[in-house]
Amino acid sequence: MLRKSSERLKGDREVLLDLDTRAEAQSTECYGSLQNGSFIPPRYLSAAAADGDMDGDDPIYMQSTTRSKQPVPQLGNYFRDGRTKIDFVLVWEIRSRRKRRGKGTNMATSEEREAVPTEESSRSERRKAQLAQWREKFVQNLESVGLVMEKEETANEKKTIHFLKISAPWDVLVCYAEELCLRAPLQAQQHLDLNTSARVLSKLCIPNVMTESVPNRPLDYYTCAFRFYTAWLLPAAVVGTLVFVSGVMSMGTNTPAEEICNSGASYTMCPLCKTCKAWNMSEICTLTKLGYLFDHPGTVFFSVFMSFWAVTFLEYWKRKMATLAHHWDCMDFHEEEERPRPEFAAMAPTMEQNPVTGVKEPYFPEKTRLSRMFTGSMVIIMMLGFCKSLHFIYHTNIHACNFLPQAGTIANISSSIVNLGLILLMGQVYTALAEQLTKWEMHRTQTQYDNAFIFKVFIFQFVNFYSSPFYVAFFKGRFVGYPTNYGTLFGMRNEDCGAGGCLIELAQQLFIIMVGKQLINNIQEFILPKVKAWRQKRALAKVLGGKASHEPRRWEEDYQLVECEGLFEEYLEMVLQFGFITIFVAAFPLAPLFALLNNWVEIRLDAHKFVCEYRRPVAERAQNIGVWFNILEALSHLSVIANAFLIAFTSDFLPRLLYQYKFDNDLNGYVNFTLAYAPLNYTEYPMCRYKAFRDNNGNYTLFYWELLAVRLGFIIAFEHVVFFVLRAIDWIVPDVPESLELKMKRERYLAKQALAENQEALLVSRARAATAATPGTSSPGSDTSLGNMS
């Protein structure tokens with residue numbers, strides 16, 4: 001079929017590739033034609049000759065629209081015949097030769113001045129000719145498989161933009177669909193309009209401000225409904241908001257906070273640094289009340305709820321992936337079916353036989369690849385260490401220079417802002433570095449390349465975004481020591497938690513980093529595409545000139561759009577957000593609410609960006625979201641462990657619970673019980689207090705060891721119960737929906753039935769043909785026909 005199509009296009013190839021020799025032979029009424037009747041009026045050819053494309057580097061010339069003398073009708077997304085639809089447009093730019101001006105008259109002779117430009121010009125011409133030859137070969141390959149092409153040009157004195165419009169005929173599409181084993185639908189798929197939000201608003205009699213205003217809506221207006229992750233944030237946001245509100249409402253019943261606020265000068269606290277003075281605990285009354293909003297029994301419930309929410313969402317996404325893979329015929333797509341990447345094929349040193357397909361293909365030694373991956377890992381570790389060292393130095397210096405109880409809060413907020421700036425700044429640098437390292441590692445397939453690149457960037461972003469919250473949650477204030485025996489690092493006293501506790505500092509960090517990142521990203525997604533599109537339009541406007549006699553055609557308008565850079569940044573943003581709302585949710589129950597509000601805004605921004613400002617991306621087959629799902633699963637498991645340790649060691653939930661069990665159910669005297677006296681040899685402030693379960697000599701009390709046992713028991717019980725329930729959910733809920741399994745079985749049955757009917761019809765047709773070809777036969781039911789059939 002492809003040969004026949006190529007033969008039919010053989011005559012058209014002369015029009016496509018050899019127009020400069022055939023243009024003079026065309027009469028004024030003659031039209032060259034492509035398949036499907038695409039017209040090539042000779043006036044376009046004569047106009048092209050008059051305008052003078054003298055470079056001779058473009059073998060495919062069909063029409064020049066350099067400030068066209070002849071108006072061209074606006075036909076939208078079609079060839080000039082108005083019938084052949086454009087499926088793809090290839091665009092390249094060629095700069096015109098410029099006259100070189102000699103410089104340095106007193107520095108060289110006339111012969112030298114002539115020799116240098118001639119040599120440079122010859123190199124430029126050779127390079128230009130080579131590129132033209134490659135383009136010609138590429139277009140010939142496209143033509144050889146039966147694609148239909150038509151050429152347009154837009155030019156001025158400095159630059160020529162070439163537009164090669166491509167249309168794929170039906171027979172070519174059918175042939176490659178068979179070669180790629182694409183599944184043809186055996187029954188019509190009903191278009192389901194599942195606009196859930198519109199239904200809810202209509203039932204509540206609320207006007208929908210985002211209703212569609214599309215006239216004559218086509219049947220396939222949506223190829224796939226837009227439902228991901230944002231809808232699942234709604235229950236998490238509602239529960240998190242209720243937990244936060246419950247903390248606000250129960251703030252008045254917080255006995256420890258009331259004791260601190262009413263203590264006056266009863267609790268004289270030890271200095272926070274060597275040059276600091278003692279301070280009264282009543283000074284942190286406000287911080288203590290605010291800290292209760294993020295540290296009360298409701299946050300424990302919410303952390304358990306979010307653990308179940310995360311695994312339920314991932315189980316739902318497994319089922320959704322199976323449904324989408326079946327809908328797009330990607331369930332049987334496997335990585336071993338992928339061909340080598342073009343970059344890999346061009347740079348691979350040898351050819352080896354593929355053990356799966358048995359075909360020789362480019363090969364790169366596995367040992368060399370592993371060594372390169374190890375070297376790349378060392379570069380990643382160095383980059384991470386450099387970024388974190390900058391943040392640590394700044395945070396330590398800020399903490400050392402403050403002399404008030406609020407110093408920890410100031411240092412925490414300022415370091416969070418600086419950390420966010422470093423994350424956004426170094427993220428751009430590291431992404432470019434990770435891309436080069438991944439190319440250097442020579443991965444065979446595009447899937448392997450994408451997974452390696454995604455993993456590198458995610459590791460860097462994970463450490464950048466989460467290292468500071470991890471430090472505050474699990475390490476800050478753990479190695480402080482006690483008066484007369486403070487722990488030091490590089491000659492400086494180890495950093496302690498602020499006066500309000502580490503949990504409120506963690507909430508501050510999460511709010512600044514998470515919300516600040518979302519605001520900056522939304523501003524960038526709104527401004528950057530517009531700036532890029534403005535630059536693209538300005539570049540094309542310079543080529544068109546101010547005297548253009550026609551409106552921009554469809555392909556020129558599309559060329560003004562910004563090139564789509566893929567969905568990597570979108571996936572990365574959502575995965576990082578998923579980590580924020582699951583790993584540290586015990587300290588920041590409002591995280592799902594902020595994520596939901598951000599996604600509502602970002603959906604609209606992304607919709608406008610992809611529809612109005614980006615060029616249409618090229619679709620690629622994929623069975624699932626790849627390594628992103630493995631990252632989400634790892635984050636969900638990490639969230640269970642992190643929340644268990646956060647509640648056990650950072651929160652005051654377990655110390656209060658144990659005190660209620662052993663001493664007082666109303667927590668009376670709890671504040672005094674948690675404060676220890678400085679040792680007697682701490683001469684400067686011998687009677688000052690500090691927060692710890694120690695005796696007057698600095699030794700741990702019995703309550704500390706009992707509390708440690710309770711903390712460890714809580715971690716073990718929390719993790720085992722949650723993980724057991726998660727495994728039960730994973731086991732009970734199938735990865736493939738039952739309705740989809742029934743549909744697949746029905747399709748297999750219909751396929752077998754259609755194949756049997758096709759074979760029966762083929763046998764009957766062969767029998768009739770054999771009967772007609774045999775002389776002396778009377779009817780298809782005679783012995784001769786039966787013999788022929790057998």
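Is C205 buried or exposed? C205 is exposed, because its relative accessible area is 69%; exposed means over 50%, buried under 20% and partly exposed in between, with a 1.4 Å probe and protein chains only.

This is a predicted model, in which local features need pLDDT of at least 70 and side-chain atom pairs count only at pLDDT 80 or more, while totals for chains, interfaces and linings use all residues. Residues are numbered from 1 along each chain as its sequence is written, and side-chain values use heavy atoms, leaving out hydrogens and water.

1. Two residues with positive phi. C205 has a positive phi of about 60 degrees and is not a glycine. C205 sits in the loop between α7 (196–203) and α8; helices are DSSP runs of H or I with at least four residues, strands are runs of E with at least two, and both are numbered from the N terminus. M442 also has a positive phi of about 60 degrees without being a glycine, and M442 is in the loop between α14 (407–440) and α15 (446–474). Most residues other than glycine have a negative phi. M442 is buried, because its relative accessible area is 2%.

2. Disulfides. The structure holds two of them, a disulfide being a pair of cysteine sulfur atoms within 2.5 Å. One is formed by C261 and C285, with the sulfur atoms 1.8 Å apart. The torsion about their S-S bond is about 90 degrees, so this disulfide is right-handed. The pair links distant parts of the chain, with C261 in helix α9 (residues 255–261) and C285 in helix α10 (residues 285–292), 24 residues apart. C285 is buried, at a relative accessible area of 17%.

3. The other pair. C270 is joined to C688, S to S 1.9 Å. The torsion about the S-S bond of C270 and C688 is about 80 degrees, so the disulfide is right-handed. C270 lies in the loop between β6 (268–269) and β7 (279–280), and C688 in the loop between β14 (675–677) and β15 (689–691), so the pair ties together parts 418 residues apart in sequence. Both C270 and C688 are buried. As for another cysteine, C612 counts as partly exposed, because its relative accessibility is 44%.

4. Nonpolar cores. A nonpolar core is a set of buried Ala, Val, Leu, Ile, Met, Phe, Trp, Tyr and Cys residues joined through side-chain atoms within 4.5 Å. The largest has 87 residues, and W309, L506 and F584 have the most contacts inside it. Apart from this core lies another, of 10 residues, including W92, V139, L142 and V172.

5. A buried glutamine. Q518 lies in helix α16 (residues 502–544) and is buried, because its relative accessible area is 7%. Neighbours within four places in sequence aside, Q518 is in contact (heavy atoms within 4.5 Å) with Q577, F594, A595 and N598.

6. A helix pair. The axes of helix α8 (residues 230–249) and helix α19 (residues 591–613) come within 7 Å and cross at roughly 145 degrees; axes are lines fitted to C-alpha atoms, for helices over the stretch in contact, and angles run from 0 to 180 degrees between N-to-C directions. On the α8 side the contact includes T230, L233 and T241, and on the α19 side P592, N599 and W600 are among the residues. The residues of this contact divide into 10 nonpolar, three polar and no charged.

Terms used. Nonpolar A, V, L, I, M, F, W, Y, C, P; charged D, E, K, R; others polar.
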